[in-house]
Amino acid sequence: MNVFDLAPVLQRDQSAKSVLMDLLTVSGDKQQALFAKARDVRREHGSDAVKVRGVVEISNHCQKHCEYCALRPQNKKMARYRMTPDTVLDIAEHIVELGIKTVFLQAGQDPKSDDAVCEIIQRVKRQGIEVLLNLGEKSQETYRRYRDAGADSYILKFETSSREMYQRIVGSSLDKRLQCAQWIKDLGMKLGTGNIIGLPGQTIEVLAEDLLLALDLQPNFMSSSPFIPNEDTPLENLGFGDVDVTLNSIALSRIMFPTALIPAVSALEKIRPGGQLQGMNAGANVLTVNFTPKEMRDSYSIYSKDRFVVSLDHALRTIAAAGLEREGGVSVTQLN
């Protein structure tokens with residue numbers, strides 16, 4: 001079998017898991033060949049144009065108890081905030097002025113923000129741009145409200161396909177998470193999902209099962225992020241997730257989902273300078289620029305207190321270094 005033949009995976013062959021396990025651990029020349037294959041697939045399917053998204057982290061209140069995240073309610077050291085709709089709209093207008101066509105609203109799982117989110121969506125949509133949400137698990141009716149307000153897409157990462165691991169680390173049911181993902185799809189919003197690489201107890205077999213779960217979900221966006229130990233959490237003393245395994249997962253995701261939006265996440269850059277460029281070279285085609293005001297951004301500690309914050313300058317230079325163009329053909333020289 002050709003090392004990059006994913007037919008057993010796409011056909012749900014009995015060997016699918018072992019094929020993925022082998023490819024998740026390639027290194028050296030084989031890894032570079034995997035990345036080259038991913039770039040070929042991206043180009044052949046018209047997915048080379050890099051989407052730049054502008055994220056606004058609108059609330060750091062959260063109901064979830066995820067052991068890797070400092071937004072968890074048990075963390076009493078964090079100063080909490082919720083942005084007003086007017087504040088978010090002012091930021092969104094700046095994002096649009098910079099030529100970015102997607103406003104990305106992100107928050108902890110905060111039901112007290114739902115009404116404000118619907119208002120924000122409606123007002124942002126009047127500017128003729130896309131609205132992407134990442135707000136956690138909601139009721140089917142709340143997702144419907146978001147959709148009716150004009151939301152185009154929603155990210156809900158499953159984090160791990162292991163039900164035992166998910167219950168242990170997140171403290172709730174993976175099945176509930178997957179039900180929410182199905183509701184999002186059923187309502188006609190585009191679905192983003194994905195995993196974290198480097199969680200305690202995780203194995204290469206579990207990571208292969210993550211990709212097979214994603215294949216079942218058929219997402220529009222697929223993300224793999226390396227674990228980063230976060231201060232003031234139960235997992236703060238663990239090491240970083242493996243960047244190379246993460247890059248291999250990105251490349252496999254590109255081959256499995258040729259037209260998907262796949263981000264090179266900021267966590268790659270946090271662990272390894274140039275990591276986002278490596279992500280682009282492994283088949284990614286999305287970069288997310290952070291527009292949260294610093295006084296609030298410092299309290300949105302999803303990765304760590306000194307997380308890497310992506311600027312538009314960094315994003316455009318990364319795109320140029322990868323030999324790609326920003327969606328819409330905007331070049332680095334237009335920044336200056």
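A residue counts as buried when its relative accessible area is under 20%. Keep that cut-off in mind as you look through these close-up views of a predicted model.

**View 1. E159 and S161 sit in the loop between strand 4 and helix 7.** Start with E159, whose relative accessibility is 10%, so E159 counts as buried. Most residues other than glycine have a negative phi. E159 is not a glycine, yet its phi is positive, near 70°. In this loop, which runs between strand 4 (153-155) and helix 7 (163-170), you will also find S161. With a relative accessible area of 12%, S161 is buried.

**View 2. Here are the contacts of S161.** Leaving out residues up to four places away in sequence, S161 touches L174, V206, E209, D210 and L213. Look for D210 in particular: its side chain and that of S161 are joined by a polar contact of 2.6 Å. H45 and S161 are 116 residues apart in sequence, and their C-alpha atoms are 28 Å apart in space.

View 3. Q218 has a positive phi of about 50°, although Q218 is not a glycine. Not counting residues up to four places away in sequence, P219 touches L191, T193, A214 and F257. Also look for A181: it lies 38 residues from P219 along the chain, and the C-alpha atoms of the two are separated by 9.4 Å.

**View 4. Helix 4 and helix 5 cross here.** Helix 4 covers residues 85-97 and helix 5 covers residues 114-125. Their axes come within 10 Å and cross at roughly 30°. Angles under 35 degrees count as roughly parallel, and helix 4 and helix 5 are therefore roughly parallel to each other. The crossing of the two helices is right-handed. Which residues of helix 4 and helix 5 meet? On the helix 4 side they are P85, D86, V88, L89 and A92, and on the helix 5 side A116, E119, I120, R123 and V124. Sorted by class, this contact has seven nonpolar and three charged residues, with no polar ones.

**View 5. Q276 is found in helix 12.** Helix 12 spans residues 275-281. The relative accessible area of Q276 is 1%, so Q276 is buried. What is Q276 in contact with, leaving aside neighbours within four places in sequence? Its partners are A264, V265, S266, L268, E269, L287, F308, V310, H314 and T318. Two of these names, H314 and T318, come back in the next view.

**View 6. The buried residues of helix 14 are shown with their packing partners.** Within helix 14 (residues 312-321), the buried residues are L312, H314, A315, L316, T318 and I319. These residues pack against strand 1 (51-59), helix 11 (266-271), helix 12 and strand 7 (286-290). Just after helix 14 comes G323, which takes a positive phi of about 75°.

Conventions:
Residues numbered from 1 in each chain as written. Predicted model: local features only at pLDDT ≥ 70, side-chain atom pairs only at ≥ 80, totals over all residues. Heavy atoms only, no water. Axes fitted to C-alpha atoms, helices over the stretch in contact; angles between N-to-C directions. Helix = DSSP H or I, 4+ residues; strand = E, 2+ residues; numbered from the N terminus. Parallel < 35°, antiparallel > 145°, perpendicular 65-115°, else oblique. Left-handed = near helix turned anticlockwise from the far one by under 90°. Contact = heavy atoms within 4.5 Å. Nonpolar A, V, L, I, M, F, W, Y, C, P; charged D, E, K, R; others polar. Buried < 20%, exposed > 50% of the residue type's maximum accessible area, 1.4 Å probe, protein only. Polar contact = N/O pair within 3.5 Å; in protein donor to acceptor, adjacent residues only side chain to side chain.
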